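This briefing goes through selected local features of one protein chain. Please keep the sequence and the 3D view open while reading.

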Amino acid sequence: MAPKRAKYYSYGDDARCTEVKKYIEDSGILLDVRDLAKHPLTRNELADLIGHLSIDHFLNHMSESYINHNLDEVKLSREELFELMAADYTLIRKPIIVSSRLMTIGYDKKKIAEMLQINSNGQAEQTVPENRGNRRAPAGANR
């Protein structure tokens, strides 16, 4: 069975992000890592990633840019926030981890483990494909 994969978005040297990344990789999950400082998300990529979720979940309220733009007081449109986040990656909360159709933001190992199906031993659980209807048993199989 092929190993699980996930996308991992982060930037800078952050001990907590490094710890989370190592935790995921040590579980056997292959990460497609994107350093947002070197390869920022475009406005369209942000819109696709965030979709219809609240953009507030993705905003880094602790960033200097967030404070400098008074984003806690100024009410910008969703489009304006996408443009601002595309221009300044530090406004994006990190890390963002995406697997299949699921996503988690931040350092919560419990949520990450649930999403990626990492068991208490720190290993990715292999999912068994569901039964695809009535298949005939191979010749000689007990019925």
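The model is predicted. Helix α5 (residues 109-116) has buried residues that pack against β1 (5-10), α1 (15-26), β3 (96-99) and β4 (102-105). Two helix pairs are described, α1 with α5 and α2 with α4. The backbone includes a cis peptide bond from Lys94 to Pro95, and Ser100 has a positive phi, as does Gln117.

**Helix α5 and its ends**

- The buried residues of α5 (residues 109-116) are Ile112, Ala113, Met115 and Leu116. Viewed down the helix axis, these buried residues fall within an arc of 165 degrees, so they line one face of α5.
- Lys110, Lys111 and Glu114 are exposed on the other side of α5.
- What do the buried residues of α5 pack against? Their partners are the strands β1 (5-10), β3 (96-99) and β4 (102-105), together with helix α1 (15-26).
- The N-terminal end of α5 is capped by Asp108, which has a side-chain oxygen 3.0 Å from the backbone nitrogen of Lys110.
- Just after α5 comes Gln117, with a positive phi of about 55 degrees.

**Helix pairs**

- Two packed helices are described by the angle between their axes and the distance between the axes.
- For α1 and α5, the packing angle is about 30 degrees and the axes are 11 Å apart. The two helices are therefore roughly parallel to each other, and the crossing is right-handed.
- On the α1 side, the contact with α5 is made by Glu19, Val20, Tyr23 and Ile24. On the α5 side, Lys109, Ile112, Ala113 and Leu116 take part; of these, Ile112, Ala113 and Leu116 are buried.
- Helix α2 (residues 43-50) packs on helix α4 (residues 78-87) at an angle of about 120 degrees, with 8 Å between the axes. That angle makes α2 oblique to α4.
- The crossing of α2 and α4 is right-handed. Its contact is formed by Arg43, Leu46, Ala47 and Ile50 of α2 with Arg78, Glu79, Phe82, Glu83, Met85 and Ala86 of α4.

- Most residues other than glycine have a negative phi, and most peptide bonds are trans.
- Which peptide bond is cis, with omega near -15 degrees? The bond from Lys94 to Pro95 is the one in question, and Pro95 sits in the loop between α4 and β3.
- Ser100, in the loop between β3 and β4, has a positive phi of about 55 degrees although it is not a glycine. Ser100 is exposed, at a relative accessible area of 73%.
- Gln117, in the segment after α5, is also not a glycine, and its phi is positive at about 55 degrees. Its relative accessibility is 33%, so Gln117 counts as partly exposed.

- Ser27 is in the loop between α1 and β2 (30-35). Is Ser27 buried or exposed? Ser27 is buried, with a relative accessible area of 3%.
- A polar atom of the Ser27 side chain lies 2.5 Å from the backbone oxygen of Ile24. Ile24 is also one of the α1 residues in the contact with α5.
- Ser27 and Gln117 are 90 residues apart in sequence, while their C-alpha atoms are 9.7 Å apart in space.
- Asn60 belongs to the loop between α2 and α3 (64-68) and counts as buried, at 17% relative accessibility.
- The Asn60 side chain has a polar atom 3.0 Å from the backbone nitrogen of Met62, and this side chain reaches the backbone oxygen of Thr90 at 3.2 Å.
- Not counting residues up to four places away in sequence, Asn60 touches Tyr11, Tyr66, Thr90, Leu91, Ile92 and Arg93.
- Lys94 lies in the loop between α4 and β3. At 15% relative accessibility, Lys94 falls under the 20% limit and therefore counts as buried.
- The Lys94 side chain reaches the backbone oxygen of Tyr11 at 2.8 Å; Tyr11 is also among the residues that Asn60 touches.
- With residues up to four places away in sequence left out, Lys94 touches Tyr9, Ser10, Tyr11, Asp14, Cys17, Gly106 and Tyr107.

Notes
Residues numbered from 1 in each chain as written. Predicted model: local features only at pLDDT ≥ 70, side-chain atom pairs only at ≥ 80, totals over all residues. Heavy atoms only, no water. Buried < 20%, exposed > 50% of the residue type's maximum accessible area, 1.4 Å probe, protein only. Helix = DSSP H or I, 4+ residues; strand = E, 2+ residues; numbered from the N terminus. Arc of directions from axis to C-beta. Contact = heavy atoms within 4.5 Å. Polar contact = N/O pair within 3.5 Å; in protein donor to acceptor, adjacent residues only side chain to side chain. Axes fitted to C-alpha atoms, helices over the stretch in contact; angles between N-to-C directions. Parallel < 35°, antiparallel > 145°, perpendicular 65-115°, else oblique. Left-handed = near helix turned anticlockwise from the far one by under 90°.
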